[in-house]
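Me: I would like to learn how to read helix packing, a sheet and a chain contact from a model. Please take them one at a time.

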Protein chains: 2
Amino acid sequence: MAPFKFEILKKSKTSRARVGKIQTAHGVIDTPAFLAIGTQGAVKAMSPRDLNEIGAQIILANTYHLLLRPGPDLIKEAGGLHKFINWDKPILTDSGGFQVFSLAHMRKVTEDGVEFTSHVDGTKYFLTPKSVLEIQTKFDSDIMMPLDECVAYPCDKKLVKKAVERTTVWARESKKALTPDEVGEGVRVLFGIIQGGTYKDLRRESAEEIAEIDFPGYGIGGLSVGEPRNEMLAMLEVVTGVLPEDKPRHLLGVGFPADILGAVKLGADIFDCVIPTRLARHGAFLTYDGAVNLRQKKFEKDFNPIDPGCDCYACRNFTKAYIRHLFWAREILSLQLLTIHNLRFYMQMMEKLRQEILAE
Amino acid sequence: MAPFKFEILKKSKTSRARVGKIQTAHGVIDTPAFLAIGTQGAVKAMSPRDLNEIGAQIILANTYHLLLRPGPDLIKEAGGLHKFINWDKPILTDSGGFQVFSLAHMRKVTEDGVEFTSHVDGTKYFLTPKSVLEIQTKFDSDIMMPLDECVAYPCDKKLVKKAVERTTVWARESKKALTPDEVGEGVRVLFGIIQGGTYKDLRRESAEEIAEIDFPGYGIGGLSVGEPRNEMLAMLEVVTGVLPEDKPRHLLGVGFPADILGAVKLGADIFDCVIPTRLARHGAFLTYDGAVNLRQKKFEKDFNPIDPGCDCYACRNFTKAYIRHLFWAREILSLQLLTIHNLRFYMQMMEKLRQEILAE
């Protein structure tokens with residue numbers, strides 16, 4: 001199996017954007033890249049062959065959800081997550097931290113980690129920097145994320161500072177807990193995560209501290225949690241100015257097309273977001289200008305595809321009128337078709353971004 | 001476009017079973033055949049390419065549901081049902097009668113037809129023998145069904161007799177309302193429907209009267225509505241003993257694998273049923289012995305496919321443990337995979353039945 005490797009193929013002359021290639025044990029990822037989210041071991045309404053057809057090179061799975069159900073031991077017994085879900089391309093898993101911190105009143109943070117109560121059956125769990133890596137090792141993820149502390153928006157600076165400090169301490173513990181092969185450019189790698197809320201000095205501090213620990217890639221967390229787009233991009237600019245250029249940067253949980261276009265120019269390489277899949281299940285399709293609600297009356301007799309220029313299965317074969325009918329009739333096929341289109345739209349957007357940078 | 005034609009290729013030596021071929025304007029149907037149900041213009045959780053992959057040669061769509069939403073005029077404007085739903089193989093539509101009669105307190109039968117209130121928005125509709133054909137003509141269905149009166153089980157003989165008489169009157173009116181091309185072996189054909197509840201003499205009377213009107217094929221209605229299997233088969237035996245041998249017989253709404261195996265031996269050629277798709281959405285897979293609930297704890301760590309001998313996408317790629325996990329996690333993919341398997345199971349069952357008869 002090929003070890004993890006990131007290579008920059010081209011840097012933009014007008015911005016921090018770059019085109020790259022990440023090599024993992026399960027295949028190559030062309031960057032800038034968008035990761036579809038397979039929360040519970042499946043991208044909602046998509047089969048692996050649908051994912052292959054839209055050009056997905058990697059998916060993200062959520063440690064929080066898979067820890068609760070079906071559990072890391074069962075996944076290990078199945079031969080790892082790739083085998084369990086029948087996806088042979090790369091998988092990135094988060095640490096579960098983001099979901100746990102979203103639980104608000106259902107969790108308790110200490111210096112050692114975070115305790116929380118399962119939303120499924122009320123079982124208590126305690127996550128530590130070490131345990132989240134053990135879990136992700138059982139999954140056999142290609143890219144793992146360390147436990148970090150993510151704050152809400154807006155958030156008092158003192159609390160954010162404390163979260164940054166704890167995130168750094170946990171990042172050091174995480175690196176120590178791994179074998180050298182896993183920390184470095186091994187078969188399975190651990191990224192570092194930058195926090196800092198919407199405070200430039202804290203973002204800089206976090207980026208410097210995490211970069212000093214030295215990881216093969218970096219996640220930028222705690223953005224796209226409610227702050228305005230310009231604030232998000234301002235934070236990203238600080239962070240990508242500090243992080244080493246030769247390592248991939250994952251802007252966690254972002255975003256709408258306009259967010260991604262802005263973030264690529266500031267040097268972000270990897271994105272993941274529920275927007276294309278979640279909005280599909282709400283009956284909307286995505287465009288560069290945002291989401292469009294297909295349930296609208298004006299599409300009732302629109303016998304054109306969602307996007308005549310799109311090459312996805314939905315656009316090649318079905319009209320807006322039909323998919324709208326299916327949505328109102330609560331047919332599962334409407335969710336499948338809208339999800340296929342929205343994810344293909346994101347994949348095409350990333351392809352176009354890469355081509356534009358390469359063509360500069 | 002080829003006209004409608006039914007050809008018997010082989011008759012069993014030990015039973016009334018036969019292998020045949022129905023030619024329609026949209027392609028061939030090998031009989032005995034099972035029709036997946038695309039109630040609202042989609043087989044639940046299936047795309048047309050999924051249907052092609054499992055070997056579906058024809059689907060059934062429900063006039064009642066499509067009349068209410070999106071309506072026959074919109075479907076006609078889209079170029080007919082095949083084009084609207086992107087399915088280029090044959091489509092059989094029912095008359096809407098069965099659903100309307102199930103509405104019980106929400107409908108009113110007169111000599112001219114049946115009035116009912118939409119379950120979607122409360123609109124009042126009046127179906128007549130003529131109007132249901134106009135609707136199905138707008139759909140451009142390959143095989144149409146006439147308005148009939150279906151009774152509940154059990155039902156008083158006097159009421160069943162009245163329903164049989166009305167069904168015959170409506171069948172005559174239906175035939176009269178069509179152009180000669182549509183009634184005979186034209187591009188679009190109308191089947192007759194036999195009623196009679198669970199009374200042998202009424203079944204015989206109905207079959208004789210409807211056969212005398214002369215249709216290119218016959219639907220056998222009002223069975224599989226709650227009566228025991230042996231009663232259902234006894235009624236079928238009476239009917240197939242009366243109907244002309246050279247016309248296809250569709251046993252409407254049947255059934256479990258054991259029902260179909262029994263009915264084929266009595267000379268039924270076509271079947272449709274929601275069982276494989278509906279049970280999939282309840283987390284069950286089908287076997288010759290009936291349905292098995294995949295949600296059971298005993299499948300938690302079963303890393304084998306649902307059926308190792310099955311060639312469907314679900315069985316080629318996924319384990320029981322994974323599909324069970326997806327089902328408990330309420331993932332749409334579980335419904336897709338179980339539906340694909342259950343329908344492929346039915347298709348394989350029909351293929352095997354045809355092969356067995358041919359090999360006699």
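Reply: Two packed helices are described by the angle between their axes and the distance between the axes. In this predicted model, the axes of helix 14 (residues 320-328) and helix 15 (residues 332-358) of chain A come within 7 Å and cross at roughly 130°. That angle makes helix 14 of chain A oblique to helix 15 of chain A, where under 35 degrees counts as roughly parallel, over 145 as roughly antiparallel, 65 to 115 as roughly perpendicular and the rest as oblique. Axes are lines fitted to C-alpha atoms, for helices over the stretch in contact, with angles from 0 to 180 degrees between N-to-C directions. Helices (H or I, at least four residues) and strands (E, at least two) are DSSP runs numbered from the N terminus.

Me: Which residues make the contact of helix 14 of chain A with helix 15 of chain A?

Reply: Helix 14 of chain A brings I323(A), L326(A) and F327(A), and helix 15 of chain A brings L333(A), S334(A), L337(A) and L338(A). Contact requires C-beta atoms, placed from the backbone, within 7 Å. Residues are numbered from 1 along each chain as its sequence is written, and chains are lettered from A and ligands numbered from 1 in the order in which they are written. Local features need pLDDT of at least 70 and side-chain atom pairs 80 or more, while totals for chains, interfaces and linings use all residues.

Me: Is helix 14 of chain A mostly covered or uncovered?

Reply: Mostly covered: eight of its nine residues are buried (20 or more other C-beta atoms within 10 Å of the residue's own). The buried residues pack against helix 13 (313-317) and helix 15 of chain A, together with helix 4 (81-85) of chain B. Just after helix 14 of chain A, R330(A) takes a positive phi of about 55°.

Me: How many strands form the open sheet of chain A, and in what order?

Reply: Three, in the order 1-2-3, with antiparallel pairing; strands pair if DSSP finds at least two bridges between them. Strand 1 (5-11) and strand 3 (27-31) of chain A stand at the edges with a single partner strand each, so one side of each has no neighbour in the sheet. Strand 1 and strand 2 (residues 18-24) of chain A pair over six bridges. Within that chain, F6(A) has I22(A) of strand 2 as its bridge partner. Helix 15 of chain A packs on the sheet, touching strand 1, strand 2 and strand 3 of chain A.

Me: How many residues of chain B are in contact with chain A?

Reply: 29 residues of chain B are in contact with 30 residues of chain A. On the chain B side, the largest share, five residues, comes from helix 14 of chain B.

Note on methods:
Two residues are in contact if their C-beta atoms, placed from the backbone, lie within 7 Å. A residue is buried if 20 or more other C-beta atoms lie within 10 Å of its own, exposed if 12 or fewer, and partly exposed in between; C-beta atoms are placed from the backbone.
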